[in-house]
Amino acid sequence: MRAVPPVLLALKRFPNPRLTGIGAGLFAALAMFVLACLDRLLFDSSELVYGLLFLPVSALTALWVRPADLVTAPISVPIAFAVGVFPISGGSEGFGGQTMALVTALAVHAGWLYGGTLIAGLIATVRKVRYLRARRQYLLAQGRTGAEKAARPAAGRVPKKVAGAGARPVPADRSRAGR
């Protein structure tokens with residue numbers, strides 16, 4: 001029996017939460033805001049540090065969102081980038097100066113923004129493909145496919161009368177071919 005490498009053991013101890021779409025967006029926005037505040041205090045609003053910190057937050061957001069909400073990861077990550085860039089954007093006093101500094105910072109850091117969004121999109125796409133493949137294998141192991149499940153009516157179910165049509169409901173056990 002082979003020994004498990006210590007790196008894999010460390011990765012297995014890493015938390016594996018499953019966040020909803022809103023939870024993943026809130027996680028990313030809060031993480032980027034806190035990291036931007038730390039960047040402002042420790043590194044004097046370094047754009048390089050902020051951009052480098054954005055990439056792992058993007059990856060973690062895409063990894064931690066639950067499979068049903070995978071489409072939200074590449075959407076919430078750019079919003080989190082914009083929320084976090086506010087403390088490091090600088091700008092003069094007043095609403096106009098702050099807004100112009102925020103827009104300028106977003107334009108200047110577009111490369112980091114696209115890179116993090118691309119990372120989140122790629123991770124979400126790979127996870128979705130793996131999820132769909134595992135689901136298809138599960139259905140095949142159960143002896144049915146998704147199309148058979150949708151086409152098969154529930155046993156003993158009688159269709160309801162359509163309002164205004166005047167038609168009688170047909171019992172489920174009666175075949176239409178025998179009429």
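Because the model is predicted, local features need pLDDT of at least 70, side-chain atom pairs count only at pLDDT 80 or more, and totals for chains, interfaces and linings use all residues. Residues are numbered from 1 along each chain as its sequence is written, and side-chain values use heavy atoms, with hydrogens and water left out.

Start with the fold. The protein has seven helices and zero strands. Its pattern along the sequence is α-α-α-α-α-α-α. Helices here are DSSP runs of H or I with at least four residues, strands are runs of E with at least two, and numbering goes from the N terminus. Among contacts with a separation of 6 or more, 67% join residues 24 or more positions apart. A contact means heavy atoms within 4.5 Å.

Now the interior. Of the 179 residues, 25% are buried. Buried means under 20% relative accessible area, exposed means over 50%, and partly exposed lies in between (1.4 Å probe, protein chains only). The largest nonpolar core has 22 residues, and Met 32, Tyr 50 and Phe 54 have the most contacts inside it. Two or more residues of this core come from each of α2, α3, α4 and α6 (110–142). Such a core is a set of buried Ala, Val, Leu, Ile, Met, Phe, Trp, Tyr and Cys residues joined through side-chain atoms within 4.5 Å. Leaving aside residues up to four places away in sequence, Phe 54 touches Met 32, Val 77, Phe 81, Trp 112, Leu 113, Gly 116 and Thr 117.

Next, the surface. The accessible surface is about 12600 Å², and carbon and sulfur atoms hold 66% of it. Areas come from the Shrake-Rupley method with a 1.4 Å probe; for residues, only the protein chains shown count as cover. A nonpolar patch with about 1200 Å² of accessible area includes Leu 30, Phe 33, Val 34 and Phe 86. Its members have over 30% relative accessible area and no salt bridge, and nonpolar side chains (Val, Leu, Ile, Met, Phe, Trp, Tyr) are joined within 5 Å. A salt bridge is a side-chain nitrogen of Lys or Arg within 4 Å of a carboxyl oxygen of Asp or Glu. α2 (21–43) and α4 (73–88) each supply at least two patch residues. α2 gives the most, with seven. Val 34 lies in α2 and counts as partly exposed because its relative accessibility is 41%.

Most residues other than glycine have a negative phi. Phi of Asp 44, however, is near 55°, and phi of Ser 45 is near 60°. Asp 44 counts as exposed because its relative accessibility is 68%. Ser 45 is buried, at 17%.

Methods. Patch = residues over 30% accessible without salt bridge, like charges linked within 9 Å, V, L, I, M, F, W, Y side chains within 5 Å.
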